[in-house]
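Subject: Structure handover

Hello,

Here is the structure I promised to pass on. Please open it before you read further; my notes come after it.

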Amino acid sequence: FLAMLHPSEMLNLQRRDLVFPADSFGHVRALYVHLRNPKTSRFARRQHSRIDDPFAVFVVEQVFRSQPMDTFLYPASLHAFRKQWNAVMNQLAIPCRAALRGATPGVLRGSGATHFYQQTENLQLLAWRGRWARTTTLEYYLQEVAAQMVLADLREKDRQRNFILDAACRAILLHLCSEAPLRGSK
């Protein structure tokens, strides 16, 4: 989401593809994600994505920093990812089939772009960050995702449940991060 990656790019990442702030002696506070086989390689063979959100960088560091370099960030298949995605979306009462204009894994890139645009309103920076060669393609992403408004179409009880989960996510992630070293030492 924050890195605006295509699902195929995301699922092939290994620990070696993450460049943490400490790797640059803390001179940069961002997390860089190296893309070995970017979907848009016809524009540039070597590409990266950048995540600036301090909390996201903290969580990714807690989960992956001490992993061996050849560890896959998601150690399963695309099929397993989609099955888990659908299970989570179903639990949240969010449609997850494209035919229903639902939230498929492909919405992560466009939703990340929409989020970044809402925060900065800077199309040129967004195009660079999202690795879009043409601004018209980026504008299509922004219009398409913004028009979906999946959460607005949910029943009120489902919207309320998602609102509660959203409000609790930060605390849940902090708790899980604080537990991570304990689990790894057993």
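Predicted model: local features only at pLDDT ≥ 70, side-chain atom pairs only at ≥ 80, totals over all residues.

Three strands make up an open sheet. Their order is β1-β2-β3, and they pair antiparallel. β1 (18-19) and β3 (47-51) are the edge strands. Each has a single partner strand, so one side of each has no neighbour in the sheet. β2 (residues 31-35) is joined to β3 by 5 bridges. Across that pairing, His-34 stands opposite His-48 in β3.

Helix α2

α2 covers residues 54-64. At its start, a side-chain oxygen of Asp-53 comes to within 3.1 Å of the backbone nitrogen of Phe-55. Phe-55 is also one of the buried residues of α2.

Helix α3

α3 has 14 residues, 78-91. At 1.5 Å a residue it should span 20 Å, and its end C-alpha atoms are 20 Å apart, which agrees.

Which residues of α3 are buried? They are Phe-81, Trp-85 and Met-89. These cover an arc of only 65° around the axis, so they lie on the same side of α3. What covers them includes α1 (7-11) and α4 (107-120). On the other side of α3, His-79, Lys-83, Asn-90 and Gln-91 are exposed.

After α3 comes Ala-93, with a positive phi near 60°.

Best wishes

Notes
Residues numbered from 1 in each chain as written. Heavy atoms only, no water. Pairing = 2+ DSSP bridges. Helix = DSSP H or I, 4+ residues; strand = E, 2+ residues; numbered from the N terminus. Buried < 20%, exposed > 50% of the residue type's maximum accessible area, 1.4 Å probe, protein only. Polar contact = N/O pair within 3.5 Å; in protein donor to acceptor, adjacent residues only side chain to side chain. Expected span 1.5 Å × (residues − 1). Arc of directions from axis to C-beta. Contact = heavy atoms within 4.5 Å.
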